[in-house]
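Dear colleague,

Please find below the structure that I am handing over to you. My notes on what was found in it follow directly after.

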Amino acid sequence: MSREEKVSQRELFDKQMKEFEEFVESMKDSLGLPTFPDMKSGALQWYDQRWITTRFVISVEGIKEFFDKLIDGKFVTTKCKSCGELYFPPQKDCPKCRKSDMEWVELSREGELLTYTQINVKPYSFSHYDDYIVGIVRLPEGINVTAWIRADDPSKLQIGMKMRLEIVRRKPENYITYEWVPAEE
Ligand SMILES: [Zn+2]
């Protein structure tokens, strides 16, 4: 999808919203109320609008080690000392044996591509992004790691191909994360 089309996805939404707001304003001018009949049922509707900004603040204290290591360019996860179960994303507690005695182990940086999908139609808050590919890669340890895939030529992606994990500082978020790239690139 080209840049113009990408922008237009958000622009189209903004345009529709603006038209609707203008319509409601005209109803207020003529009726004195922000009310209008529903297009299908004719039932009277009241319009109001609040813009919502969502902020995420979640505690990652229990898996702090993961982020400390990621900054150092290492990819680690938790392994239950009691039953040996490996978890990704890392977990503070073991759901299997209900203990909280985890050790940190380094994970393989190569695996097999299980599945992937290109995200063309993005939610409004992601509509300024280029189209991106999300994939699931199975590590030799038998766990799956979902991440964005960076590929020079997405048409060359194939189920079963070898993928390599890279720790990157990704734009536009400007934070350190991990993504999959075809291993031969
Ligand atoms: Zn366990």
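In strand 4, Leu 86 is the bridge partner of Lys 79. Helices (H or I, at least four residues) and strands (E, at least two) are DSSP runs, numbered from the N terminus. Two strands are said to pair if DSSP finds at least two bridges between them.

Before going further, please note that this is a predicted model, in which local features need pLDDT of at least 70 and side-chain atom pairs count only at pLDDT 80 or more, while totals for chains, interfaces and linings use all residues. Residues are numbered from 1 along each chain as its sequence is written.

Strand 3 and strand 4 run antiparallel and are joined by two bridges. Their hairpin has five residues between the strands, and Gly 84 takes a positive phi near 85 degrees there. On strand 5, Glu 103 stands opposite Lys 79, and Val 105 is the bridge partner of Thr 77. Strand 3 (residues 76–80) and strand 5 run antiparallel, with five bridges between them.

**The loop between strand 4 and strand 5**

As background, most residues other than glycine have a negative phi, and most peptide bonds are trans. The peptide bond from Phe 88 to Pro 89 is cis, with omega near -5 degrees. Pro 89 belongs to the loop between strand 4 (86–87) and strand 5 (102–106). Arg 98 is located in the loop between strand 4 and strand 5 as well. Although Arg 98 is not a glycine, it has a positive phi of about 60 degrees. Arg 98 counts as exposed because it has 10 C-beta neighbours inside 10 Å.

Strand 6 pairs with strand 7 (residues 132–138) in the antiparallel sense over seven bridges. Within that pairing, Arg 138 in strand 7 stands opposite Glu 112. Strand 6 also runs antiparallel to strand 9, with three bridges joining them, and Met 163 in strand 9 stands opposite Gly 111.

Which residues make up the largest nonpolar core? It has nine: Leu 113, Tyr 116, Val 137, Leu 139, Val 145, Ile 149, Met 163, Leu 165 and Trp 180. Strand 6 (110–119), strand 8 (144–149) and strand 9 (162–170) are the elements that give two or more residues to this core. A nonpolar core is a set of buried Ala, Val, Leu, Ile, Met, Phe, Trp, Tyr and Cys residues joined through C-beta atoms within 7 Å.

Leu 139, one of the core residues, is in contact with Leu 107, Ser 108, Gly 111 and Val 145, leaving aside its neighbours within four places in sequence. Two residues are in contact if their C-beta atoms, placed from the backbone, lie within 7 Å.

**The chain as a whole**

The chain comprises two helices and ten strands. From the N terminus on, its elements run α-β-β-α-β-β-β-β-β-β-β-β. The radius of gyration is 23 Å, well over the 16 Å that the globule rule gives for 185 residues, so the chain is more spread out than a compact globule. This radius is taken over C-alpha atoms, and the globule rule is 2.2 Å times the number of residues to the power 0.38. Along the principal axes, the C-alpha atoms fill a box of roughly 70 × 40 × 30 Å. Buried residues account for 10% of the 185 residues.

The chain is divided into domain 1 (3–46), domain 2 (54–107) and domain 3 (109–185), with bounds from an automatic or database domain assignment. The C-alpha centres of domain 1 and domain 3 are 38 Å apart.

Yours sincerely

Key:
A residue is buried if 20 or more other C-beta atoms lie within 10 Å of its own, exposed if 12 or fewer, and partly exposed in between; C-beta atoms are placed from the backbone.
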